[in-house]
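Dear colleague,

Please find the structure below, handed over for your records. My findings follow it.

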Amino acid sequence: RHGFETHIIAPKNPATPLHDPELLKQIPAETTVHRVFNPEPPYALRDRIWKGLSPDRIREHTGRKDGNNPIKKAIRRAMQRALMPDMQRLWVPFAIHRATELIRRHDIRTVLLNTPPYSLMRVCVELKKRFPQIKLIMEVRDDWVGYYLLHFDSAFADWKMEQAMRMERAGITAA
């Protein structure tokens with residue numbers, strides 16, 4: 001409506017607990033939505049696996065007391081490192097690939113990234129490397145380092161905080 005060509009990159013099958021199809025009606029008809037492959041497992045499966053691997057302090061309400069099992073602990077630790085900062089990390093290479101194509105094809109000069117998911121900080125950094133002249137705007141809706149990690153991340157660890165601080169600094173700097 002204001003003379004801008006708008007493209008949205010979104011996961012093909014977002015693995016989220018809730019879907020609100022009414023929100024799609026708010027996207028103007030002239031906006032192009034690009035659905036990109038995301039190799040995330042469905043939310044219910046992911047949630048079930050994570051709850052099965054979670055330590056007792058997270059699973060108190062279940063009545064099960066096997067969360068401190070050393071094998072589960074090792075698997076949990078490996079998953080946390082591999083999926084840092086979040087499960088959407090698996091989608092990042094596909095999002096970067098599509099964004100790169102669109103920027104080149106449509107001579108896009110401004111990109112808006114909306115976080116969370118916090119893995120989009122990696123998208124921001126990579127796009128800035130590939131297109132140093134591009135203007136990146138990052139909307140950070142929820143404080144990751146100063147709030148979310150401290151109060152809501154069941155996988156909180158010092159190494160994760162350090163890595164998150166580096167990622168967030170790099171993403172904000174790129175933007």
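This is a predicted model: local features need pLDDT of at least 70, side-chain atom pairs count only at pLDDT 80 or more; totals for chains, interfaces and linings use all residues.

Arg-130 is partly exposed, at 38% relative accessibility (buried is under 20% relative accessible area, exposed over 50% and partly exposed in between, with a 1.4 Å probe and protein chains only). Its side chain meets that of Glu-126 in a salt bridge of 2.8 Å, N to O (a side-chain nitrogen of Lys or Arg within 4 Å of a carboxyl oxygen of Asp or Glu).

Residues are numbered from 1 along each chain as its sequence is written, and side-chain values use heavy atoms, without hydrogens and water.

Helix α4 (residues 120-130) packs against helix α3 (residues 92-106) at about 35 degrees, with axes 10 Å apart (axes are lines fitted to C-alpha atoms over the stretch in contact, and angles run from 0 to 180 degrees between N-to-C directions; helices are DSSP runs of H or I, at least four residues). The contact (heavy atoms within 4.5 Å) involves Glu-126, Leu-127 and Arg-130 of α4, among others, and includes Ile-96 and Ile-103 of α3.

Leu-127 also touches Val-111, Ile-134 and Leu-136, among others, not counting residues up to four places away in sequence.

A further salt bridge joins Asp-107 and Arg-109 at 2.8 Å, N to O; Asp-107 is partly exposed, at 48%, and Arg-109 is exposed, at 60%.

With kind regards

Technical notes. Helices (H or I, at least four residues) and strands (E, at least two) are DSSP runs, numbered from the N terminus.
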